[in-house]
Amino acid sequence: MKIGITCYPTYGGSGAVATELGLELARRGHEVHFITYDSPFRLHGYTERIYFHQVETRMGRYPLFDHFPYTLALASKQHEVVLSEGLEILHVHYAIPHATTAYLAREMLKGERPLRVITTLHGTDITLVGQESSFYAITKFSIEQSDEVTAVSSSLRDETYRAFGCVSSDVRVIPNFVNLREYHPVEPGARSSLAPEGTRVITHVSNFREVKRVKDVVRVFARIRRAMPATLIMVGDGPERVDAESEARELNVAGDVRFLGRLDSVASLLQASDLFLLPSQTESFGLAALEAMACGSPVVASRAGGLPEVIDDGVSGILEPVGSVEAMGRRAVELLRDPERHAGMCRAAIAKAEEFSADRIVPMYEALYQEVLR
Ligand code: GMT
């Protein structure tokens, strides 16, 4: 099949999932064309059957535009690439504005070439941004106009129906997946030397947005640190980083917290991790948690959104209500003090992650493509 994929190319779960999907599809013999404003961050070098088409984000001085109309440029590029490359499917990730531009591209192609539009809902496009008054009506309309709609968890599907109605759409759940060739556990001896022997390695990876509650990450860590030698590795960047840094200073743990900034590849860090923290306000799925689990790290997370679909409390990780830093910290310490239970939870996390392997999930997308083309 010839498939166009539009996503945000920047650091973030939806771009990561879209890119991993494109790579898996290409590996399975499909031709994949990424249409976005920059090369997606998980796309490295040349891959057979993968193409990238760049969308303009600015133009020569034109006094009328204070803001470049990216949405129109994207719709035009999608239309152009569908025609020039003979695409059959446009699979867009994150509804805003991608479902809308795909709708426009399909309208522009009417009578010229059939195009099927699939929208995958990822999270804040439904739970936060899409519900803002400026975007609500267009988000609902664009979802309803898609030929097929998928959501990355049952929780997100239910929230789509609750918040938007969308009764004419059959929102299917196709969960996120993990590439087990890259994210896998290593022998304890092969772990990178992130911290001295006997020091626990705790990790967090995110875009440091408000919804991630990164100050809670530091607060939970401070409770662990009080109980044992530990180091916190913070990967990513975003608006809340400064607050997280000052929280670490206030709680007197700054010397044990390392902010590494954005990294393209985190598997080796996750493989060295004893525990991963994700105390988000909401999380439609929690791809970062899944990748940590695949590397053998149990996750301490909020019992929110789709996280309970990924983590079984007390078995493959720990779930506590949003903001319960005391309980998260206490249970993390109990777990880390009990090597046998910790090892069991690591094994359970790996087994759970295998349920979400690319080999199991990507065929669901292929089946959907075949169905929509029928
Ligand atoms: O909403 C964000 O924080 C970013 C967003 C994205 O689109 O990059 O992440 C969402 O999509 C991921 C991939 O499907 C999910 O794993 C995340 O849970 C989800 N984030 C939230 O729901 C907060």
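A polar contact is a pair of N or O atoms within 3.5 Å; within protein, one atom must be able to donate a hydrogen and the other to accept it, and residues adjacent in sequence count only if both atoms are side-chain atoms. The model is predicted: local features need pLDDT of at least 70, side-chain atom pairs count only at pLDDT 80 or more, and totals for chains, interfaces and linings use all residues. Residues are numbered from 1 along each chain as its sequence is written, and side-chain values use heavy atoms, with hydrogens and water left out.

His 122 places a polar side-chain atom 2.6 Å from an oxygen atom of the ligand. For Thr 124, a side-chain N or O atom is 2.8 Å from a ligand oxygen. Gly 286 uses its backbone: a polar atom there is 2.9 Å from an oxygen atom of the ligand.

Two helix pairs were examined. Helices (H or I, at least four residues) and strands (E, at least two) are DSSP runs, numbered from the N terminus. Axes are lines fitted to C-alpha atoms, for helices over the stretch in contact, and angles run from 0 to 180 degrees between N-to-C directions.

Helix α3 (residues 95–108) packs against helix α5 (residues 136–145) at about 50°, with the axes 9 Å apart. The two are therefore oblique, a class left over once angles under 35 degrees (roughly parallel), over 145 (roughly antiparallel) and 65 to 115 (roughly perpendicular) are set aside. Their crossing is left-handed: the near helix is turned anticlockwise from the far one by less than a right angle, whereas clockwise is right-handed. Contact (heavy atoms within 4.5 Å) involves residues including Ile 96 and Tyr 103 of α3 and Phe 141 of α5. By class, this contact has six nonpolar, four polar and one charged residues. Ala, Val, Leu, Ile, Met, Phe, Trp, Tyr, Cys and Pro count as nonpolar, Asp, Glu, Lys and Arg as charged, and the others, Gly among them, as polar.

Helix α7 (residues 214–227) and helix α12 (residues 325–336) pack at about 40°, with axes 9 Å apart. They are therefore oblique to each other. The crossing of α7 and α12 is right-handed. Among the residues in contact are Arg 219 and Arg 223 of α7 and Glu 326 and Met 328 of α12. Eight nonpolar, one polar and four charged residues make up the contact.

Val 205 lies in strand β8 (residues 200–205). It touches Val 235, Val 266, Leu 270, Phe 276 and Ala 288, not counting residues up to four places away in sequence. The C-alpha atoms of Val 205 and Gly 236 are 5.8 Å apart, across 31 residues of chain.
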